[in-house]
Amino acid sequence: MRRIEIGRIGKAYGMAGGLKFRGEPVIFDLERIYLEGLGYRAIEEIEEHSGEIVLFLTGVEGRQEAEQLVGLRVYADQADLPPLEAGEYYYFELIGRPVFVDGQPFGEVVDVEDGAQERLIIKARGTSLRAQHKTYMVPFQAPYVKVEFDGIYIEAIPGLFD
């Protein structure tokens with residue numbers, strides 16, 4: 001069974017043991033999570049307050065208990081994640097994939113940055129020390145980016161890798 005990191009526990013919220021959650025919205029589709037070093041906890045309730053996600057977990061009865069969990073990584077079992085539509089991917093499925101530019105090996109995806117536009121963070125491969133540490137941000141939804149079984153293929157457009 002593979003566990004996927006989906007976020008972190010933020011600050012305690014309120015006196016009833018609420019916890020702010022920083023991470024993937026997939027949390028709304030889960031019945032339980034795995035807390036770093038502590039094991040599984042059932043999700044009793046999820047609320048949104050001013051655009052923030054607040055979790056209430058089984059066994060967390062008050063603010064004092066909630067404060068002890070601040071900063072812990074939150075995981076979900078891969079089998080518990082809801083299936084996605086064709087052409088959609090969880091970020092963990094993209095990280096580590098090889099990247100090809102104009103059909104040639106280029107590097108690999110080391111991260112995916114979320115925001116107004118998702119971006120692939122690509123670490124270039126190269127023989128020089130400088131090339132080995134160079135990273136590029138490429139808009140993921142661009143028409144020149146294609147995810148295939150064996151890697152991610154990018155058709156270079158002017159300025160993309162300058």
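This is a predicted model: local features need pLDDT of at least 70, side-chain atom pairs count only at pLDDT 80 or more; totals for chains, interfaces and linings use all residues.
Me: Is Lys20 buried or exposed?
Reply: Lys20 is found in strand 2, which spans residues 18–23. Its relative accessibility is 16%, and a residue under 20% is classed as buried. Lys20 therefore counts as buried.

Me: With the side chain of which residue does the side chain of Lys20 make a polar contact?
Reply: Not counting residues up to four places away in sequence, Lys20 touches several residues, among them Arg8, Tyr13, Glu52 and Val54. The polar contact made by the side chain of Lys20 has a distance of 3.0 Å. The partner is the side chain of Glu52.

Me: What kind of aromatic pair do Tyr34 and Tyr40 form?
Reply: The count of aromatic pairs in the model comes to 5. In the pair of Tyr34 and Tyr40, the ring centres are 5.1 Å apart and the planes are at 80°. Planes over 60 degrees apart count as edge-to-face. The pair of Tyr34 and Tyr40 is therefore edge-to-face.

Me: What kind of pair do Phe106 and Tyr136 form?
Reply: The ring centres of Phe106 and Tyr136 lie 5.4 Å apart, and their planes meet at 55°. An angle under 30 degrees counts as stacked and one over 60 as edge-to-face, with the rest as tilted. The pair of Phe106 and Tyr136 is therefore tilted.

Me: How many residues apart are Phe106 and Tyr136?
Reply: This pair links distant parts of the chain. Phe106 belongs to strand 8 (residues 104–113), whereas Tyr136 belongs to strand 10 (residues 135–139). Phe106 is buried at 18% relative accessibility, and Tyr136 is buried at 14%. The two residues are 30 residues apart.

Me: Is Tyr40 buried, partly exposed or exposed?
Reply: Tyr34 has a relative accessible area of 18% and is buried. Tyr40 has a relative accessible area of 30%, which lies between the cut-offs of 20% and 50%. Tyr40 is therefore partly exposed.

Me: Which residue forms one aromatic cluster with Tyr34 and Tyr40?
Reply: Tyr34 and Tyr40 form an aromatic pair. They also belong to one aromatic cluster, whose other member is Tyr75.

Me: With the side chain of which residue does the side chain of Asp77 make a polar contact?
Reply: Asp77 lies in strand 6 (residues 73–77) and is buried, with a relative accessible area of 2%. Leaving out residues up to four places away in sequence, Asp77 touches Met1, Arg2, Arg3, Arg32 and Tyr40. Its side chain makes a polar contact of 2.8 Å with the side chain of Arg32.

Me: Which strand supplies the largest share of the lining of the largest pocket?
Reply: The largest pocket has a volume of about 420 Å³. Of its 20 lining residues, the closest to the centre are Glu24, Tyr89, Tyr90, Tyr91 and Glu118. Strand 1 (3–13) and helix 2 (91–94) each supply at least two lining residues. The largest share, 3 residues, comes from strand 1.

Me: How far apart in space are Ile154 and Val74, C-alpha to C-alpha?
Reply: Ile154 is found in strand 12 (residues 151–154) and counts as buried at 2% relative accessibility. Leaving aside neighbours within four places in sequence, its contacts include Val99, Phe100, Ile122 and Leu160. Ile154 and Val74 are 80 residues apart in sequence, and their C-alpha distance is 32 Å.

Me: What is the phi of Ser50?
Reply: Most residues other than glycine have a negative phi. Ser50 lies in the loop between strand 4 (39–49) and strand 5 (52–57), and it is exposed at 81% relative accessible area. Although Ser50 is not a glycine, its phi is positive, at about 50°.

Me: Is Asp102 buried or exposed?
Reply: Asp102 lies in the loop between strand 7 (98–101) and strand 8. Asp102 also has a positive phi of about 50° without being a glycine. Its relative accessibility is 53%, and values over 50% are classed as exposed. Asp102 therefore counts as exposed.

Methods. Residues are numbered from 1 along each chain as its sequence is written. Side-chain values use heavy atoms; hydrogens and water are left out. Helices (H or I, at least four residues) and strands (E, at least two) are DSSP runs, numbered from the N terminus. Buried means under 20% relative accessible area, exposed over 50%, partly exposed in between (1.4 Å probe, protein chains only). A polar contact is a pair of N or O atoms within 3.5 Å; within protein, one must be able to donate a hydrogen and the other to accept it, and residues adjacent in sequence count only if both atoms are side-chain atoms. Contact means heavy atoms within 4.5 Å. Rings of Phe, Tyr and Trp (its six-membered ring) pair if their centres lie within 6.5 Å; planes under 30 degrees apart count as stacked, over 60 as edge-to-face and the rest as tilted. On a 1 Å grid over the protein atoms alone, a cavity is a set of points where a 1.4 Å probe fits but cannot get out, and a pocket is an open set with protein on both sides within 12 Å along at least five of seven lines; lining residues have an atom within 4 Å of a point. Grid points are joined across faces, edges and corners, and a volume is the space filled by probe spheres set on the points.
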